[in-house]
Amino acid sequence: MKGSEGLTAANINGIEWNLEDRGLVEVLQPFAHGGGERRLYGTYPFKVGRVFVKSFLEKGLLGAIRNKVNPRGRVEYLMSRKLASFGISTPVCYGYGSGPGTSCVVHEYIEGESFIDAFHRSRDRQELIAALAEMLRTLKEHHVLHNDLHLDNVLVSKGRLYLIDLHKMNVKDSFSRADEISNLSHALAMAYWTMTPDEKETFFLCYGNVEIRDEAERTLKTMHMRWILRKQHRAFENTSKTRWKGRYLYVLGRQDLSRGAFVETIKRDTKVTVERYADHVRKTYRSRRRLKRAWKAHVALVYLDLPLIPDTFCLSAPAPFRRGYIAMEDLGGRGEELDRHVDRVYDGASGKERKALADSLALFLKEALRTGVVHHDLKACNVFRLENGTFRFLDVEDITFRQADGDVLHRMLVQLNTTLPRRITFRDRLRFLARLASSSDLDRRQLLEKVMRDSNGREIVYQGADGLKIESW
């Protein structure tokens with residue numbers, strides 16, 4: 001029986017399908033949307049490859065109207081065909097379906113990885129950046145607006161980029177500057193803050209519009225902060241990154257990384273208890289508000305997918321007579337806090353080694369600030385140096401997300417400057433402060449003078465290799 005657009009119509013498990021190939025009728029028999037999930041996915045063998053099936057749960061009156069008038073599965077099917085005519089790669093679409101509260105689409109299964117995963121993994125990212133710029137230029141040329149163009153919706157397979165999640169796309173009669181900025185900012189949002197200056201320049205050169213960069217970056221900054229706030233707002237929900245199981249909210253893929261036996265207590269004070277277990281560190285909070293703030297920061301950093309803190313494993317929700325905790329990666333035995341490290345190695349380090357330490361620390365902090373990560377208690381004991389020369393923030397509850405202005409940067413630098421040994425030379429301190437401040441549009445000389453002046457009026461307090469030390473300038 002022929003359905004709409006000349007496709008084969010078939011009712012499979014209550015879903016009215018319109019299919020390009022009758023052989024799919026048997027293939028789709030195991031698939032059914034249920035369980036109240038917002039999305040449901042399945043992959044099945046078909047001919048010499050596989051097909052990917054996706055269904056959308058349509059909720060409420062608006063969802064019912066949309067499903068009746070213009071189902072999302074049908075939108076994806078038609079958009080896939082249109083994009084193919086423009087020379088834009090998408091998985092080949094084989095049909096769509098709809099049923100009570102459900103809309104579905106079936107298309108070719110692409111063996112690949114998301115652009116953002118490929119981007120972080122690649123040692124040579126220039127080719128990926130150029131390909132993304134080319135795709136965005138093609139979208140602009142054909143007036144295609146994608147309202148959900150994040151880099152998880154771009155697949156990389158054998159060096160080729162494929163657009164997915166097409167139901168939020170439309171082809172416009174005219175393409176405004178705002179449409180262009182929207183495509184650019186959505187596509188770059190997940191990666192831009194980790195791109196090097198050369199990579200950013202490559203992108204806009206390949207895109208063919210260098211002049212639009214400043215406007216795109218302003219939009220990206222605003223979007224970045226809004227995106228983080230949305231992720232924090234949903235920090236205690238089931239999402240693409242987290243899932244509740246009983247009283248535990250796990251980061252997906254890390255469910256089995258926090259089950260080891262108790263080893264020792266690392267720290268206990270009026271705010272927290274930090275304990276080491278065989279396969280994780282557990283931080284228990286006396287204050288529920290502090291626990292909530294910490295978990296929201298952890299979740300935002302999970303989404304950012306940047307190596308700024310110990311890997312997050314799970315949240316144990318508080319209950320009457322039971323405090324909540326966060327389980328995370330144990331860094332013990334793989335490095336030490338920055339103040340202890342500097343106190344231990346500084347005297348015996350060569351000038352080259354001292355410079356390398358200062359430069360690597362400055363680079364770490366610059367990357368954090370560039371992505372809007374601000375640590376409000378940046379004592380040296382809250383920066384952990386790993387043996388491989390990289391760093392992690394500790395006390396994640398003191399992290400917030402904002403664009404750092406002069407006051408924020410000044411406070412962070414004074415905290416760090418007064419929690420490192422006094423014997424660090426003025427030249428080494430100045431080199432580090434100058435390297436870090438170079439990421440700011442502020443008057444660097446004025447900022448550095450203010451940091452040094454305000455540091456001189458304070459004691460130096462730090463944990464040395466042999467214990468707590470208090471020094472004066």
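A pocket here is an open set of grid points where a 1.4 Å probe fits, with protein on both sides within 12 Å along at least five of seven lines. Keep in mind that the model is a predicted one.

With that in hand, the largest pocket holds about 1900 Å³ of space. It is lined by 50 residues, and the closest to its centre are His150, Asp152, Asn153, Asp165 and Ser240. Helix 8 provides the largest share, with 6 residues.

Now for the packing. The largest nonpolar core counts 63 residues, and Phe393 and Phe432 have the most contacts inside it. Helix 9 gives this core its largest share, 10 residues. A separate core of 37 residues lies apart from it, with Leu128, Leu132, Ile181 and Phe203 among its members. As for Phe393, leaving out residues up to four places away in sequence, its contacts include Leu308, Phe364, His375 and Ile399.

| Strand pair | Bridges | Direction |
|---|---|---|
| strand 12 (residues 242-245) and strand 13 | 4 bridges | antiparallel |
| strand 13 and strand 17 (residues 312-316) | 3 bridges | antiparallel |

Thr242 has Val251 as its bridge partner in strand 13, while Tyr250 stands opposite Cys314 in strand 17. Strands 12 and 13 make a hairpin with 2 residues between them, and Gly246 in the turn has a positive phi of about 65°.

Notes. Residues are numbered from 1 along each chain as its sequence is written. This is a predicted model: local features need pLDDT of at least 70, side-chain atom pairs count only at pLDDT 80 or more; totals for chains, interfaces and linings use all residues. Side-chain values use heavy atoms; hydrogens and water are left out. On a 1 Å grid over the protein atoms alone, a cavity is a set of points where a 1.4 Å probe fits but cannot get out, and a pocket is an open set with protein on both sides within 12 Å along at least five of seven lines; lining residues have an atom within 4 Å of a point. Grid points are joined across faces, edges and corners, and a volume is the space filled by probe spheres set on the points. A nonpolar core is a set of buried Ala, Val, Leu, Ile, Met, Phe, Trp, Tyr and Cys residues joined through side-chain atoms within 4.5 Å. Buried means under 20% relative accessible area, exposed over 50%, partly exposed in between (1.4 Å probe, protein chains only). Contact means heavy atoms within 4.5 Å. Two strands pair if DSSP finds at least two bridges between them.
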